[in-house]
Amino acid sequence: QVQLVESGGGLVQPGGSLRLSCAASGMIFSIYAMGWYRQAPGKQRELVASITSVGSTNYAVSVKGRFTISRDNAKKTVYLQMNSLKPEDTAVYYCNALRRVTETPIGSWGQGTQVTVSS
């Protein structure tokens, strides 16, 4: 059973920063690409950042230059450092393992962690 637990969300001011964590269990973490997704109210879930098993990264245009994805294979954890946050970044953020070519999620969705950017 693959278990993914997101944490680190909260309420922040526009321009602020937040660091999200995703702890994995029940899988050989190091061989999988991982991704961070977000879903805002009334919108589809979107992939915002991904990292391959060898550390190559990709970002959605909307977050490029502001967000950084990283991983620690020893801790079986993937991180999302979010800087210069905007109100439009408000969403529930989820992590998941990714299929190599299509970047589609492999596992079930967990509870996610809420990020709210507001004054």
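This briefing describes the fold, the nonpolar core and selected loop and strand residues of one protein model. The model is predicted, so local features need pLDDT of at least 70 and side-chain atom pairs count only at pLDDT 80 or more, whereas totals for chains, interfaces and linings use all residues. Residues are numbered from 1 along each chain as its sequence is written, and side-chain values use heavy atoms, with hydrogens and water left out. The protein contains zero helices and 10 strands, where helices (H or I, at least four residues) and strands (E, at least two) are DSSP runs numbered from the N terminus.

**Overall form**

- From the N terminus on, the order of elements is β-β-β-β-β-β-β-β-β-β.
- Along the principal axes, the C-alpha atoms fill a box of roughly 40 × 25 × 25 Å.
- Among contacts (heavy atoms within 4.5 Å) between residues at least 6 apart in sequence, 54% join residues at least 24 apart.

**Surface and charge**

- Of the 119 residues, 39% count as buried; buried means under 20% relative accessible area, exposed over 50%, and partly exposed in between, with a 1.4 Å probe and protein chains only.
- The accessible surface is about 6,400 Å², and 49% of this surface belongs to carbon and sulfur atoms; the areas come from the Shrake-Rupley method with a 1.4 Å probe, and for residues only the protein chains shown count as cover.
- There are 12 positive and 6 negative side chains, and the centres of the two sets lie 4 Å apart. Lys and Arg count as positive and Asp and Glu as negative, without His and the chain ends; each charge is placed at NZ of Lys, CZ of Arg, CG of Asp or CD of Glu.

**Nonpolar core**

- The largest nonpolar core has 28 residues, and those with the most contacts inside it are Leu20, Met34, Trp36, Val78, Leu80, Met82 and Tyr93. Such a core is a set of buried Ala, Val, Leu, Ile, Met, Phe, Trp, Tyr and Cys residues joined through side-chain atoms within 4.5 Å.
- Elements giving two or more residues to this core include strand 3 (18-25), strand 4 (33-39), strand 8 (77-82) and strand 9 (91-98).
- Not counting residues up to four places away in sequence, valine 78 touches, among others, Leu20, Cys22, Phe29, Met34, Trp36, Ile51, Ile69 and Cys95.

**Loop residues**

- Serine 84 lies in the loop between strand 8 and strand 9. Its phi is near 50 degrees, a positive value in a residue other than glycine, and serine 84 is partly exposed at 41% relative accessibility.
- Arginine 66, in the loop between strand 6 (57-59) and strand 7, is buried at 12% relative accessibility.

- Glutamine 114 belongs to strand 10 and is partly exposed at 39% relative accessibility.
- Glutamine 114 and glycine 9 are 105 residues apart in sequence, yet 5.2 Å apart from C-alpha to C-alpha.
- Leaving aside neighbours within four places in sequence, glutamine 114 contacts Gly9, Gly10, Thr90, Ala91 and Val92.
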